[in-house]
Every structure is written in C-alpha cells, then in structure tokens.
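Here are a few exercises to work through with the model open in your viewer. Try each task before you read its solution.

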Amino acid sequence: MEILKRLTYFAQLMMNASLKTYLVLVVAILLTACRTDYPDLVRSSSSEVAAVGSSFFLLNEGNMGSNKATIDFYDARVGKYNRNIFSEINPDVTFELGDVGNDLAVYGSRLYAVINCSNLIEVMDARSARHVAKIDVPNPRNIVFHGSYAYVSSYAGPIVADPNARQGYVARIDTATLQVVDTCVVGFQPEGMAIVDNRLFVANSGGYRAPDYDRTLSVIDLTTFREMTRIDVAPNLNQIALHNKKLYVGSRGNYADAPADIYVVNAQTMSVEGNLGIPANSFCISGNDLLAVRGSWEGKAFVRYDIENHLLSELITDGTDEQIRMPYTVMADPNSEIFYVTDARDYISPGTVYAFSKTGTKIWNATTGDIPAHFAFTDANIGAVDTASTNDESIHITKVFDYRPAPGQFVNVYPSYTEGDTQESMNKKVLEAVGYNRRGLVSLGGFGGYVVVGFNRSIINKEGADFRVLGNAFAGNSEPGIISVMADDNGNGQPDDTWYEIAGSEADRAVYNYSITYHRTPNDHQPVTNGETWCYDSEHIRWTDNAGQAGYLIQNIYHRQNYFPQWLDTDTLTFTATKLPNNFTLINGTYTATTFPYGYADNVPNADPAACIDIDWATDQTGNPIHLPKIDFIRIHTATNQQNGQIGETSTEFTGITLP
C-alpha cells in the first residue's frame, strides 16, 4: 500500500517533469521498496513469427538502475524473433550490455548501442553481435553517422535534475579507431540529431532544468565542427526525423501551458515553418507519411499523417491498438511498407513488439525485453557465427589463402592492422571477419587489391545462378570488383590451378592486363593547389601504370591512418588485372555511382538478384567461355582506378559468399 501511495504522489508530479524522468522515479521507488539486488536477466530465447520485411536489432532500454538493457534480433529470412542475444553471444562481458539503452544503429560492419546510465557506447560486430569495444561518453543520448565519424549527443554531466546543469555537447568519434576525437558544446541536455548538407542539427531539451527548458536546435558545421547558430523552436525538444530537407522536431512541451507537438523546420533556411498539432512520444517517416504514437496516463494515440496532403488517419485499423497498453516507439522498415509499434506495458516487465502492414493490420507480435525502444535494420544473419553448418547444401568461407589489398582509406582498418602483424595473421583476421558466414567487412583498397578464399565444399555449377557475392554497395555507392573462379583440379586443396574470370556486363569495355604500381615513399606527393582542404598532400601515394599515366591516391581527413598495407615489407606494390570503366560521376557537386547490370562484387545491394553469379559466365584468358562443373576458390579484386573527391578512391569491399 505504501508503494501505491508513492506512485500516486509522483503521478501528480508528471505535469512538471518529462515522461522518462517520471518513469525513472517510479522505477527507483520500486527498486528501493522491493529489493536491493539486480534481477536476473532473461536468458536468450526465441519464438516463431512471420517472415516478412527486413531483419532488425531491437534495443530494450531496461529500467534505470537495473543493469537490464538487452538486444533482441528478428531474423526476417526465417521468421524467428530472438531475445537477449547479447548476453548469450558475449558471456564474458562484465555487467552484460549495461544500464538503460538509449539508441541503436548499424553503420558499416558495426552495431552501436548507446547505453545512457553506464556512460558508454557498446560497439559490436554487426554480423555476429560480438563485442568489439566500449567508448566512454558521459550520459550519452543519441547517435548519428556521417563519413567516417559517429556523432553522439551527451548531457555531459551526472544524471540528476539540476536547474544549474551544464550545457551538453556532441562527441565526434572516429569509426576506425573508435576514439572520441573532438567535442562541440551545444544547448542543455541534447537529444536527437539529424544531418543535412554537412550540417548537424541537435535537439536541445533542457530536461534537467525544468521548468526552464531549452527551446533550441543547435546547428553544427561538420567541416569546422563548431556550432553555427541556434534555432528557437519550442520547449523540451527531443526527436528529429528528416523528410525532403525538412526537419520534423518533437517537443514534449512544458507540461503546463505549452503542449507537446511536432514542429517543421526548414533545414536550408533554418526557420520554423509551423507545427502539426500532433503530440507524440515517438514518430518516424515512412515514404511521404509521418507515423506517430503517444502513450501516457492521459491516453494513447496512433496517427498517420500524410505530409504532402496534410491529412490525418488512423495508424492501426484492425483493433490491435486496444491490446497495446503503453505505446512507446513506432518505426518503419526502410525497405518495405511494414511498420512496428512497441508496447512498454508497465515499464518494469517484458514488453511487446507488433509488426503491421501499411494498411494498419497486425502481421505478428512477440515478447521483448523491458521497455522495447530502438530499432536498427540489417541484413545480418545472427546465428551462423561460429562454425560451418553441417548441412551439405550450405556454403561457408573456411580458408583465406591470400589477402593483398592495394593502398586505400580503409586498409589497415578493415581488418585492423596491429604492429607485428604478418601476412599469415592478416589472412587469419580476414577469415575472422568473413569466415563461416560472419559477414564482417574486408576492404581491398584501390585498383588491383584482392582476396582469395576457399570453402567448406565445392560450389556446384547448376542451371542459373550458383552463388552470391556480398559487399556493402547501396544506391549511389557502387565499387565494383571483378570475380575470378578456380576448380581444384589437382586435388591438393590449394588455389594453384587456373583462374577463370567471370565476364560481367562490362566485359566489352574492360581494359585487360592493366598494370599499376603504388609507391610508398611518403614525401613523393602532389601539392594541393585547388583549395580542397580535405586533402592531406604530404600523405598522397603516387601510382604509375603501363599506359604511361601517373597519379595520386589521396588521403582525406576522414581516414588518417597509413593507407599502404603496413605488414608488407616493400616500397612498391604492383598489380596486373582487368580494369573496368569508371562508374562515379560528379553531379551537382556530389560524386554518385552508376551500378553495372550484372557480374561484379560490391556492385549492387546484397539482396539484389544482380549480386548473384553464374559459373557459366567464366571465361579463359582469351575471353572465350569455359564450362566448369564446380569451383573451389574465388578471387575478387578492385576493378576501377578512380578518385572521387571527398569520397576518396573506389575500393571494393567484401563481406562474404553465400548461395543465391
């Protein structure tokens, strides 16, 4: 009865505090009144659901002080929802994921979880959810990415309501070294962020200073990483969603005379255009619609807002909304029309995630951890992370025979070079990244850089596509690599027979036997005279080719490590291979890639049918087709030699081989 009295008292305080602050107080009461030890975490379990849309990770916040943040994984390919995968995959990580999960994102080959009260960013391999590193950031809130940096909003002080609380900041983190390299002071208690035209917009809440909330968006120039200005919007800002260079900014209001709402800010003119009249604790953009949910003791709401026609409609149409006790988060699948709503229920017990069709009818639901909140969509396959399947129909990389990248901005990073590494140890690191279907990231560097891999069994030449090459291509970013195949004709298990090149769509435009030599000499460089401050002229790597041309592979400010493979004891690297035509074009100041129709690595997104390869496309050295009943080895090399401004050189990335 005493607990009930306290809850009633604090419910009256809700008008003067944010919802999350109120929940923190409720949980603190329950913890101090009922027990003093941490509850046992729910161990990994799974449930069968419908196989639709994209796979995703879901970060469950957990109650403050309970050390109960967890990560779930939905495998859309097989229709399985897996709870609390982090603790099972990382049994040796002390205190498991940590205290209060606040944001989650996949970027490149890594998964980043922002853990608020534990004052850290947990970095995992996005293909296996294995722990990679922890980054210390005080009271972190949200994370976004641009180029080679992660940006994390931080309250920059202890977790305590204080009218004199200091201003927050945004931490800039190098995604290669996973180190904080700079900070930029913004407003009070910064929350959500969005990036438009090299500017970072930061929602300042002032949540610790109630009732004197902050009202501003900080605008940071990412080139100088300094605050340009602040835009006055509304009190207690929290979330930002982006649509056509307009920011949809959530305000929790002041719980008195300023109601919660969503405001529209023009990111180009940096002015407030109006408000939607929609109070929401979570919203997202799905195509031309804004989806919003509200959950509070005052009531709940589920809204779809047509941005172009300014029309409101019901988000959930089949009555499932009546089952949702406390709607907490809404999120749209970026690759389909499916959307998700989470139910936090009572905030102290497992919640529920619901999947809906675009028309608002339920597809499936599953039990989650406590306070399901943050989604990160992925094409990862969590589960096949340790050993090859005993299923004879599966294909896994089990051997890396040679990894020889050309110089490049991701070389010595993916995989990471450590002083003392040899060719043998780097081959092993590549296997750790892409072996057994782990799908980590391996960079082949500039033109000619290559990797040679073998498998748990032969890949049989069947009618149609025979295997799929995985990379990290996406719309506007295609870095094609040429694929060569070999059969183990002599049966010795080594790639010492004959290579046959897969003839892709650009075979008639390719340059054969193109040879390039990269020179390691650090002082042999081309001075920068065009004012492009993103170049580091003292670190250019000179190249010469057999066509009488020469140039420089230019280091940029986003990747400052050595570009030349550091484990190789040589001052030059020469590659002779087939070269494809350049595919990047400068359009309106931005380099954009054109994808080739078929036949190459890292050319199209992994799910695209054009990522599949037919062994019957193999050709001999004279370009004539050759029939191979099976293959046992694959070689991939970067096939273009081009510089793309701030994007840097074109470098093929490789994440694995699967069946089509």
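**Exercise 1. Find how many cavities of 30 Å³ or more the structure holds, then describe the second largest cavity.**

Solution. Keep in mind that this is a predicted model.

Step 1: count the enclosed spaces. A search with a cut-off of 30 Å³ gives 3 cavities.

Step 2: take the volume. The second largest cavity holds about 60 Å³ of space.

Step 3: list the lining. Around the second largest cavity sit G446, F447, Y518, W543, L553, T640, N641, Q642, Q643, E649 and T650.

Step 4: The lining of the second largest cavity splits into 6 polar residues, 4 nonpolar ones and 1 charged one.

**Exercise 2. Work out which residues of the largest nonpolar core touch the most other members.**

Solution. Step 1: the largest nonpolar core has 51 residues, and those touching the most other members are F467, I483, V485, Y518, I634 and I657.

Step 1: pick I483 and leave out its neighbours within four places in sequence. I483 is then in contact with F467, V469, Y500, E501, I502, G599, Y600, A601, I613, I634, R635 and I636.

Step 2: look for another core. A second, separate one has 19 residues, including L59, I71, I115 and A129.

**Exercise 3. Decide whether L247 is buried or exposed, and find what it touches.**

Solution. Step 1: locate the residue. L247 lies in strand β18, which covers residues 246–251.

Step 1: check the accessibility against the cut-off of under 20% for buried. L247 counts as buried because its relative accessibility is 0%.

Step 2: collect the contacts, skipping residues up to four places away in sequence. L247 touches A194, V196, F201, L217, I240, A241, L242, Y263, V264, V265 and A267.

Step 3: A194 and L247 are 53 residues apart along the chain, while their C-alpha atoms are separated by 7.9 Å.

Conventions. Residues numbered from 1 in each chain as written. Predicted model: local features only at pLDDT ≥ 70, side-chain atom pairs only at ≥ 80, totals over all residues. Heavy atoms only, no water. 1 Å grid on protein atoms, 1.4 Å probe; cavity = no way out; pocket = protein on both sides within 12 Å on 5 of 7 lines; lining within 4 Å. Points joined across faces, edges and corners; volume = space filled by probe spheres on them. Nonpolar A, V, L, I, M, F, W, Y, C, P; charged D, E, K, R; others polar. Core = buried A, V, L, I, M, F, W, Y, C linked by side-chain atoms within 4.5 Å. Buried < 20%, exposed > 50% of the residue type's maximum accessible area, 1.4 Å probe, protein only. Contact = heavy atoms within 4.5 Å. Helix = DSSP H or I, 4+ residues; strand = E, 2+ residues; numbered from the N terminus.
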